[in-house]
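Morning, everyone. Please bring up the chain on your screens. I will walk through a few spots in it.

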Amino acid sequence: MVASTSPFVPHPGPAERPARMGLRALALLLAAGLLHTQASPPARSFQLDYEEDCFRKDGAPFRYISGSIHYARVPRPAWRDRLLKMYMSGLSAVQVYVPWNYHEPLPGVYDFAGDRDVEAFLDLTAELGLLVILRPGPYICAEWEMGGLPAWLLWKPDIILRSSDPAYLAAVDSWLHVLLPKIKPRLYQHGGNIISMQVENEYGSYYACDYGYLRHLLGSFRMLLGTEVLLFTTDGTRAQELRCGTLQGLYATINFGPGSNVTEAFGAQRRVEPKGPLVNSEYYTGWLDYWGEAHASTSSARVAQGLEDMLQLGASVNMYMFHGGTNFAYWSGADFKDQYKPVTTSYDYDAPLSEAGDPTDKLFAIRTVISKFQPLPVGPMPPATPKYAYGRVALRKYADLLDVLDVLCPSGPIQSQFPLTFEAIKQAHGFVVYRTRLPRDVLDPAMLGAPPHSVCDRGYVMLQQEYQGTLERDGQTTLRVTGRAGDTLDVLLENMGRISFGANISDFKSPAMAGPTPEFLPG
């Protein structure tokens, strides 16, 4: 804009004045608008770029390096320590599951207090400068009890989980209407740090292949969260998994570990997502442990090399797990791989941060790889957690279990002609004592048995309060016993965790002894 310095300014005629004044006013308005635009911060956004095959965060190309942590497996006082160590490892994001059954123990009864305060956990991640990839299910797997689905769903014995079954969808909708409004203000577009959210989990590995169910979830997420949040799925790399686990409107990502060929694995993603960012949503840093088996371990060098190979391709990666933690109480799940395989209390996972929260050699190997692709945070890695020597602890017997049943169950026994499942008596976890009396004298050793694979999961057999042996789901299913008519026969049944993956997640718990009295087999 040029201003005249001449003292002589022509006086406009009557016809010129309105036009000249209008142009001057327009120039002032444009200038004011430009200043306003320059002062306003750009809109926050996290989007897919199908032209450049990347994410865009606030318009700029972006890729994340993330790690999984489960707040339900870490005591709340340790949340900050674990998250800070993840941040100092060079991660830009954390991936977080929300276990439905952890928050809704009974229909319509919700618990978000203490260790279950997911909002406080998410706010802490934001405070520490970490983005979040949230996985609210409703099914999560996670080697968690029943994959995060509440056991009370099985109060309806014929319910079809993870499907368009109206009873299942009604429960899901009720839960999502409680959970997702807590999440919406924390979305990146609304000033929070949640950049993307997964819908369901590894659905392609489930037998139902119900696209109507996935469409229902997609509609619910959009209705409760809006149209801007990035929604995705993740599945294994097999064609069947990607066929049944993906849906238009949900960005398809994949899972694979350090033993996979990176190029071939991402080729599987490209078959369902020809354009867009390469994403490994579960890059396995280790593996889970099962009772009775050796602790799983995965080479640090292999994990680090696989990570570097993916980052060289420009991929976004989430490491599952970065910190595993502990399956407290009765929250450990189980797998079914030709046989029932319950998961241990420890969920160490051979992860970069140990169960105790200690940085491992694997963590520092990963940190070195990350440093080749982006700057690391300035400052030292927080130290290992303090350890204490408690010395020898002497355990003293307090009582015989069968002598204190009235204390443990003040409401008294449930009378039934046939053994009832845990679900029929509305008990989710723990132990149930099944009691009957011998119908006749058994003077010669007779076989007390149950059908194969039907004791769910472990039955401790006692006759006249004397331990006789143990019946197991995929182990010993018969015992030899003797006794008199009227003797008390007790089976203390242990629920070792409901199956969390595959077609068998409707995992009812019972002793499965046929008939109103114990089944004695010939021999």
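Start with cysteine 456. It sits in the loop between β15 (442–449) and β16 (458–463). Keep in mind that this is a predicted model.

Is cysteine 456 buried or exposed? Its relative accessible area is 7%. The cut-off for buried is under 20%, so cysteine 456 counts as buried.

What does cysteine 456 touch, leaving aside its neighbours within four places in sequence? Its contacts are Arg473, Leu493, Glu494, Phe508, Lys509 and Ser510. Take leucine 493. In sequence, 37 residues separate it from cysteine 456. In space, the C-alpha to C-alpha distance is 7.7 Å.

Stay in that loop for the backbone. The peptide bond from cysteine 456 to aspartate 457 is cis, and omega is near 15°. Aspartate 457 also lies between β15 and β16.

There is another cis bond to look at. It joins glycine 137 and proline 138, with omega about 20°. Find proline 138 in the loop between β6 (131–135) and α5 (166–183).

That loop also holds arginine 162. Its phi is near 55°, a positive value in a residue other than glycine. Arginine 162 is buried, at a relative accessible area of 1%.

Now aspartate 53. Here phi is positive too, about 55°, and again the residue is not a glycine. Look for aspartate 53 in the loop between β1 (46–49) and β2 (54–57). Its relative accessible area is 28%, which makes it partly exposed.

Next, helix α4, residues 118–127. Which of its residues are buried? Val118, Phe121, Leu122, Leu124 and Thr125 are. They cover an arc of only 155° around the axis, so they lie on the same side of α4. Just after the helix, glycine 129 takes a positive phi of about 85°.

On to pockets. Rolling a probe the size of a water molecule over the atoms shows where empty space is left. The second largest pocket has a volume of about 370 Å³. Its lining is 18 residues, and Glu202, Glu282, Tyr284, Trp287 and Phe501 lie nearest the centre. By class, that lining has nine nonpolar, three polar and six charged residues.

Last, the whole chain. It has eleven helices and 20 strands. Of its 523 residues, 50% are buried. The chain exposes about 24700 Å², and carbon and sulfur atoms supply 57% of that. Among contacts with a separation of 6 or more, 74% link residues 24 or more positions apart.

Note on methods. Residues numbered from 1 in each chain as written. Predicted model: local features only at pLDDT ≥ 70, side-chain atom pairs only at ≥ 80, totals over all residues. Heavy atoms only, no water. Buried < 20%, exposed > 50% of the residue type's maximum accessible area, 1.4 Å probe, protein only. Helix = DSSP H or I, 4+ residues; strand = E, 2+ residues; numbered from the N terminus. Arc of directions from axis to C-beta. Contact = heavy atoms within 4.5 Å. Areas by Shrake-Rupley, 256 points an atom, 1.4 Å probe, with all protein chains shown as cover. 1 Å grid on protein atoms, 1.4 Å probe; cavity = no way out; pocket = protein on both sides within 12 Å on 5 of 7 lines; lining within 4 Å. Points joined across faces, edges and corners; volume = space filled by probe spheres on them. Nonpolar A, V, L, I, M, F, W, Y, C, P; charged D, E, K, R; others polar.
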